Amino acid sequence: MMQKKVLVVGTGLAGITSALRLSKLGYHVEMVEKTHQAGGRLNQLKKDGFTWDLGPSFFSMSYEFDEFFSFMEMAPPFEFVSLDPLYTVHFSGTRNRYTIYRDLDKLAHEFRQIEPDFKRNMERLLKSAGKFFHDTDELVIKKNYNNAVQWLLTLARVPWGHAPKLFRSVWTELGRHFTSEEVKQIFSLVAFFLGATPYDTPAIYTLLTYTEMVHDGYHNVRGGMYRIVEGLLGEMEKRGIRIHYDTEITGYTKEGGVLSSLTDQHGHHWKSDLYVINSDAAGFRHMVFDRHNYTEKKMDRMKWTLAPFTIYLGVKGKIEGLEHHNYFLGDNFEEYARKIFKNSISLEKPYYYVNVNSKFNPEMAPEGHENLFILCPVPDLRYKPDWSDREKLAGDIISDLSERSGFDIKKNLVTTTIYDPVDWGNQFNLYKGSGLGLAHDLDQIGYFRPKNTDEKFGNVYYTGASTIPGTGLPMTVISSRLTTQRIVHDHGPV
Ligand SMILES: Cc1cc2nc3c(=O)[nH]c(=O)nc-3n(C[C@H](O)[C@H](O)[C@H](O)COP(=O)(O)OP(=O)(O)OC[C@H]3O[C@@H](n4cnc5c(N)ncnc54)[C@H](O)[C@@H]3O)c2cc1C
């Protein structure tokens, strides 16, 4: 039998894992990538002797990678390291910083002054969040849906006791368990991981507190997160999967209900039997297929996750006041969280995350130096299209961090690179600079998320953060599994 050809558009984690799965099933796979380097948002920056992970800095649900390796019958080409403590959280105006341990006794000790009944309250939260996680993980999340009825019937099988969690927010849920503002703020940070705020994220997502604290925790990769991509590229090479870089798909040709080719920026036609789109599933329908349901007006009305403002610093000296993963919060949490997404002016007191990878992977910075990655969630380009104030925002963050870490970062700067939402949007075709893709509101998940099958072309599929099941590294690995299952169902293994 003739080998079926698949063209994968985009080399993000979902694109790469889809390519590998399909190749394992006997398909002939080729890839095109807009940029000059594979990985998409899971990427790497090298400059002046420093190396930084561009976006993701840790991940949960490591067993999704294990599932992938077992499907591929390959040994993991990189090493995960489980984090404990998970991170530290600094509050402004005080010297208080809290270390988030997974061990509840140690954690209760951290919070002994502010939440005396912490252990009992946390156990209650984890029990309820854990039950929701186990009642929905296999049943709801890791599935393809063909129609709304199938989706609703599946939801109906979730125990009804969880229903109130659909109607209250993460913040309200935390208020049912804890009294301390600091404790509530710390455990509501999971909403920001989803790219939203705890005030508009449904309480069901406290399941992320269960996954971070109990189930599988968070993981780093020895040598930096980009080792994931390098390891998988090695496997692709063995399988003869070619990537054509600097190739952006901008158009298409069709024949009836079938896509006959995708065209790149130079007018070259890429012909294949099947196409897997790893470019943002809503963005591609908008930009390339020009679909009626994805006009700019409709896209703007969808809910998008936060845009990233990221800074990559090389610093001379060792910064004792910082750990590997650190959050810096201000003293106006609610006001900040409620305004942040829709603010068109520069953020006065930014909240941000700092990763000092050289504390875990010393080879990522020259000896006696640190490489800092700073991530500040900011409004997307719908709300703040102009980032000409980027130097000022970066300067404010660096000054704030210098003061709060007790180390003069500004004076010891060796190198600085800034990515604002315009850069993120342009580099990876992320709609209006949204960093994590479509948000996870109830009307944008499961059957209601852009599908991994195309509405018009029977030979086009999607994979990645804005199709099912959602965003984040493990989710994109699941996404590649669901897309592969669709293809096998429709076209069979080869
Ligand atoms: C700043 C930041 C921090 C993050 N931190 C974490 C974290 O700590 N942990 C975690 O789990 N997740 C994190 N995420 C989310 C995670 O990075 C994403 O969910 C995941 O990497 C998305 O992978 P993907 O395969 O869906 O898409 P992408 O990585 O976006 O890949 C899509 C690829 O397609 C290419 N492409 C797009 N359009 C075209 C076209 N028309 N033609 C050709 N190629 C095209 C792009 O260049 C890109 O390479 C973070 C994201 C950001 C932005």
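How do the residues of the shell around the ligand divide into nonpolar, polar and charged? I looked this up before anything else, and I record the answer below.

**Conventions.** I am working with a predicted model, in which local features need pLDDT of at least 70 and side-chain atom pairs count only at pLDDT 80 or more, while totals for chains, interfaces and linings use all residues. Residues are numbered from 1 along each chain as its sequence is written.

**Entry 1, the ligand shell.** I found 15 nonpolar, 17 polar and four charged residues in the shell. Here Ala, Val, Leu, Ile, Met, Phe, Trp, Tyr, Cys and Pro count as nonpolar, Asp, Glu, Lys and Arg as charged, and the others, Gly among them, as polar. In total, 36 residues surround the ligand, and the closest are G10, G12, G40, S279 and G464. A residue belongs here if its C-beta atom, placed from the backbone, lies within 6 Å of the molecule. I noted that helix 1 (13–24), strand 14 (307–316) and helix 17 (473–491) are the elements giving two or more residues to this shell. Helix 1 gives the most, with three residues. Helices (H or I, at least four residues) and strands (E, at least two) are DSSP runs, numbered from the N terminus.

I then turned to the division of the chain, which has domain 1 (5–80 + 221–302 + 437–491), domain 2 (103–216) and domain 3 (307–428). These bounds come from an automatic or database domain assignment. Domain 1 and domain 3 each supply at least three residues to the ligand shell. Taken over C-alpha atoms, the centres of domain 2 and domain 3 are separated by 28 Å. I recorded six residues of domain 2 in contact (C-beta atoms, placed from the backbone, within 7 Å) with seven residues of domain 3. On the domain 2 side of this contact I counted four nonpolar, two polar and no charged residues.

Which residues of helix 10 are buried? In this helix (residues 207–215), I listed L207, L208, T209, Y210, E212 and M213. A residue is buried if 20 or more other C-beta atoms lie within 10 Å of its own, with C-beta atoms placed from the backbone. The cover over these residues includes helix 4 (118–141), helix 8 (181–187) and helix 9 (189–193). Just after helix 10, I noted a positive phi of about 65° at G217.

Strand 3 (residues 44–47) and strand 4 (residues 50–53) run antiparallel and are joined by four bridges; strands pair if DSSP finds at least two bridges between them. L45 has W52 of strand 4 as its bridge partner. Two residues lie between the strands of this hairpin, and D48 in the turn has a positive phi of about 50°.

I located D380 in the loop between strand 17 (369–378) and helix 15 (390–405). Why is D380 classed as buried? I classed D380 as buried because 25 other C-beta atoms lie within 10 Å. Not counting residues up to four places away in sequence, D380 touches W304, A307, P421, K432, G433 and S434. D380 and G433 are 53 residues apart in sequence and 5.6 Å apart in space, C-alpha to C-alpha.

I found L232 in helix 11 (residues 226–238). L232 is also buried, with 24 other C-beta atoms within 10 Å. Leaving aside neighbours within four places in sequence, L232 is in contact with I16, L20 and P77.

Notes
A residue is buried if 20 or more other C-beta atoms lie within 10 Å of its own, exposed if 12 or fewer, and partly exposed in between; C-beta atoms are placed from the backbone. Two residues are in contact if their C-beta atoms, placed from the backbone, lie within 7 Å.
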